[in-house]
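I opened my notebook to jot down what I looked up today. Here is the structure I worked from.

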Amino acid sequence: MKVHITGMGAMSSLGLGVGEFFEGLKAGRTGITARPEWKQYVGLHSHLGASVPAYDITQIPRSARRTMSRMSELAVVATLEAVRGADLLPGHGIGGGKSTPRIAICLGSTSGSPDTLETYFRKLIERGGPEGQMGTTFFKVMNHSVAANVAAALGFVGPVIAPSSACSTSAQAIIHGWELLQTGLYDIVIAGGADELHYTSAAVFDVVLAASRGFNDRPDEASRPFDSRRDGLVVSEGAGVVVLETEASARARGVRSHAELAGGAVICDANHMSQPNGEAMDTVMRLSLERARLQAEDIGYFNAHATATVQGDREEAQAVRRIFGDRVPVSSLKGHLGHSLAACGALEAIACVKMLEESVLIPTRNLQEIDPECAGIQHLQALEKRSFRHAISTNFAFGGMNTSLVVSGIN
């Protein structure tokens, strides 16, 4: 069964909405800035991050905002863009308190709101108990907060699924959405993920020596996927949401398809909680191609997860080389966006769709000297105008999570 992408929504460090997001990529901009205020945190060596610019919060009803953290707000705004683009306005095709059993929501985050969690526990410790805590706090920190708040904002009455697998969350949500549609039980799945920027996110990676430390005074040069001077990732925030729809549903509703989600796969390598596994990367890529009924030679662009960590980039580059050789153009978008954690898979899938639509390939930002251990593949170091039919995108996460999905252009 063919699955189409009929709506897309993005909130990123490059701007608000899919348009600003992709224009920022084409212009080669970065959303990464210095975070001097993080110097106060003892033991934190990475002082870089990328935030979503100010946005209009009034588009979310005041009554709905009471239970929302920043990550839920980002997810709701991105979802509204996606459903409007797919002509699924709340109350007219989705939500509005009406039962929608053949539509599902599949949205996730790495965890509940880290900002709210810090505030909660700081007050708890200072006061020696729960005195003074807000009654809405739990709804901002529960693991399914993003999905539940999006459903509430839409007035959605139907199945809601909330995957959580750190940096592979939204890719996993999209792939699971594809699988749900393949069952024939659903016509439409709204899929994606969101996360908010917080110093504790940087700390998680800093403690395991995976966050950038050497470019705190040069944020424009930080996050250098595949580069010989890369020294780790830069955390960011954002939200990416897509509307997935069966071909029959899209035709019946008369809506435009941006691209086909041809297939995808998710596997856990059960190898190590933090170390990447090249063999698992190889396996999940091959499985996604198989499910998309494509061969390696059919792929015209490879969007790499590559976060600018030494080991992760090396393992991924070598897996790409084993399958694709040096024939397929490869790039990572982390130098532009930073690592938006649970949002990155959906944002990168959206970028692939836009590249297909506009026949352009976005290069890896800050890739100046290719690491010899990442050589042997066709690295994109400059913007290229090129038509292609199929793109593959990968995302990996702590816990041995590996994802790969394939998007295809429309004939």
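This is a predicted model: local features need pLDDT of at least 70, side-chain atom pairs count only at pLDDT 80 or more; totals for chains, interfaces and linings use all residues.

Residues are numbered from 1 along each chain as its sequence is written, and side-chain values use heavy atoms, with hydrogens and water left out.

**Entry 1: the pocket**

I looked for open space. A pocket is an open set of points on a 1 Å grid over the protein atoms alone, where a 1.4 Å probe fits, with protein on both sides within 12 Å along at least five of seven lines; lining residues have an atom within 4 Å of a point. The largest pocket has a volume of about 500 Å³, a volume being the space filled by probe spheres set on the points. Its lining has 30 residues, and S274, P276, T309, G312 and F398 are the closest to the centre.

Which element gives the most to this lining? I found that α11 does, with 5 residues. Helix α11 (310-324) and the strands β17 (390-397) and β18 (401-408) each supply at least two. I sorted the lining into 15 nonpolar, 12 polar and 3 charged residues. In that scheme Ala, Val, Leu, Ile, Met, Phe, Trp, Tyr, Cys and Pro are nonpolar, Asp, Glu, Lys and Arg are charged, and the others, Gly among them, are polar.

**Entry 2: the cysteines**

How many disulfides (pairs of cysteine sulfur atoms within 2.5 Å) did I get? The count is 0. For C344, the closest cysteine sulfur is in C167, 5.9 Å away, so that is too far for a bond. For C374 the closest one sits in C344, at 18 Å, again too far. C374 is buried (under 20% relative accessible area, with a 1.4 Å probe and protein chains only), at 0% relative accessibility.

**Entry 3: a histidine in a loop**

I found H339 in the loop between α12 and α13. H339 counts as buried because its relative accessibility is 2%. Leaving out residues up to four places away in sequence, H339 touches (heavy atoms within 4.5 Å) several residues, including C167, H305, K334 and C344.

**Entry 4: helix α1**

In α1 (residues 17-27), I noted G17, V18, F21, F22, G24 and L25 as buried. Their cover includes β1 (3-12), α3 (70-85) and α13 (344-358). Just after α1, G28 takes a positive phi of about 75°.

Key:
Helices (H or I, at least four residues) and strands (E, at least two) are DSSP runs, numbered from the N terminus. A disulfide is a pair of cysteine sulfur atoms within 2.5 Å. Buried means under 20% relative accessible area, exposed over 50%, partly exposed in between (1.4 Å probe, protein chains only).
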